[in-house]
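Hi,

Here is the structure I promised to pass on, with my notes below it. Have a look at it, and then read on for what turned up.

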Amino acid sequence: MLVALLANLALRDIPPYNTVLIAHVAVYALALVGYVNVKLGVRSRFTYLFYYFVLLNYTCMIGCINYARGVRRPTWTPER
């Protein structure tokens, strides 16, 4: 997602990409609102969806980086 954002920023002067950039930034803004809502204890399903999507992509990126560095965790235990 970060590479796509950087590509959108580089291509922002071309007509279809400026619209895509606006949508991309809007998704990140809604994710930020969702994060703030979670921290404040407010449950908005709409903003939580964007927050969860960005959080999932972030954790997948961290997992890929750890895998490439050789950090292996054979079991996963969810925190509850």
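**Pockets and rings**

The lining of the largest pocket divides into five nonpolar, two polar and no charged residues (Ala, Val, Leu, Ile, Met, Phe, Trp, Tyr, Cys and Pro count as nonpolar, Asp, Glu, Lys and Arg as charged, and the others, Gly among them, as polar). Before going further: this is a predicted model, where local features need pLDDT of at least 70 and side-chain atom pairs count only at pLDDT 80 or more, while totals for chains, interfaces and linings use all residues. Residues are numbered from 1 along each chain as its sequence is written, and side-chain values use heavy atoms, with hydrogens and water left out.

That pocket is lined by Tyr52, Leu55, Leu56, Thr59, Cys60, Gly63 and Trp76, and its volume is about 250 Å³. A pocket here is an open set of points on a 1 Å grid over the protein atoms alone, where a 1.4 Å probe fits, with protein on both sides within 12 Å along at least five of seven lines; lining residues have an atom within 4 Å of a point. Grid points are joined across faces, edges and corners, and the volume is the space filled by probe spheres set on the points.

The second largest pocket has a volume of about 200 Å³, and its lining has seven nonpolar, one polar and no charged residues. Helix 3 gives the largest share of that lining, four residues (helices are DSSP runs of H or I, at least four residues, numbered from the N terminus).

Now the rings: there are four aromatic pairs (rings of Phe, Tyr and Trp, the last by its six-membered ring, with centres within 6.5 Å; planes under 30 degrees apart are stacked, over 60 edge-to-face, the rest tilted). One of them, tyrosine 35 with tyrosine 51, is tilted, at 5.9 Å centre to centre and 45° between the planes. Tyrosine 35 lies in helix 2 and tyrosine 51 in helix 3, so this pair ties together parts 16 residues apart in sequence. Tyrosine 51 is buried, with a relative accessible area of 17%, whereas tyrosine 35 is partly exposed at 37% (buried is under 20%, exposed over 50%, partly exposed in between, with a 1.4 Å probe and protein chains only).

Tyrosine 48 and tyrosine 52 are stacked, 6.2 Å centre to centre with 25° between the planes. Ring pairs link Tyr35, Tyr48, Tyr51 and Tyr52 into a cluster. Arginine 43 lies over the face of tyrosine 48, 4.6 Å from the ring centre (the criterion is NZ of Lys or CZ of Arg within 6 Å of the centre and within 35 degrees of the ring normal).

Best wishes

Conventions:
Helix = DSSP H or I, 4+ residues; strand = E, 2+ residues; numbered from the N terminus.
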